[in-house]
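This briefing goes through a few local features of one model, grouped by topic. Please keep the sequence and the three-dimensional view at hand while reading.

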Amino acid sequence: MAEMFDDYEPGITWPQVALNDGTLMQERGPRILNPVKQGTDLDPSEAYIRHWFPELATVPAGFGHEPWLWFDNPLPAPLIDHKAAFRDARARWGKRDQVFMSRDDVLRTHGLS
């Protein structure tokens, strides 16, 4: 994984991975990121997403992170409704008997055991 990052620092990267995949202990439950909000917050000019997804070249500005909302969209619909997936994940989390994963479960989840 370190070879894929320009700025890999294990002391920062691994806690962020654990935070974002829901295995870091948190009192309020898992952190579930909204991919559209992350995109618009971190790439407001849409330069990054348009660089890596040249299919978006014909999509007007402002629709780069949600091209399915563009009226004349020739692209396929999203495979996953991220809002419905969020609701489902939150509901499933609330039904768990064990709120936090054990150390061994965390290591197994990341393929480290």
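Predicted model: local features only at pLDDT ≥ 70, side-chain atom pairs only at ≥ 80, totals over all residues.

The largest pocket has a volume of about 490 Å³.

**The largest pocket**

- The lining of the largest pocket is made up of 19 residues, and among these Ile 49, Gly 64, His 65, Pro 67 and Trp 68 lie nearest the centre.
- Sorted by class, the lining of the largest pocket comprises 13 nonpolar residues, together with 5 polar and 1 charged.
- Helix 2, which spans residues 35-42, supplies the largest share of the lining of the largest pocket, with 3 residues.

**His 82**

- His 82 belongs to helix 4, which covers residues 82-94.
- With a relative accessible area of 18%, His 82 is classed as buried, because the cut-off for that class is under 20%.
- When neighbours within four places in sequence are left aside, the residues in contact with His 82 are Asn 34, Pro 35 and Val 36.

**Glu 46**

- Glu 46 is placed in the loop that runs between helix 2 and helix 3, the latter covering residues 47-52.
- Although Glu 46 is not a glycine, its phi is positive, at about 65 degrees.
- For context, most residues other than glycine have a negative phi.
- Glu 46 is also counted as buried, because its relative accessibility is 6% and the class takes in values under 20%.

How values were computed. Residues numbered from 1 in each chain as written. Heavy atoms only, no water. 1 Å grid on protein atoms, 1.4 Å probe; cavity = no way out; pocket = protein on both sides within 12 Å on 5 of 7 lines; lining within 4 Å. Points joined across faces, edges and corners; volume = space filled by probe spheres on them. Helix = DSSP H or I, 4+ residues; strand = E, 2+ residues; numbered from the N terminus. Nonpolar A, V, L, I, M, F, W, Y, C, P; charged D, E, K, R; others polar. Buried < 20%, exposed > 50% of the residue type's maximum accessible area, 1.4 Å probe, protein only. Contact = heavy atoms within 4.5 Å.
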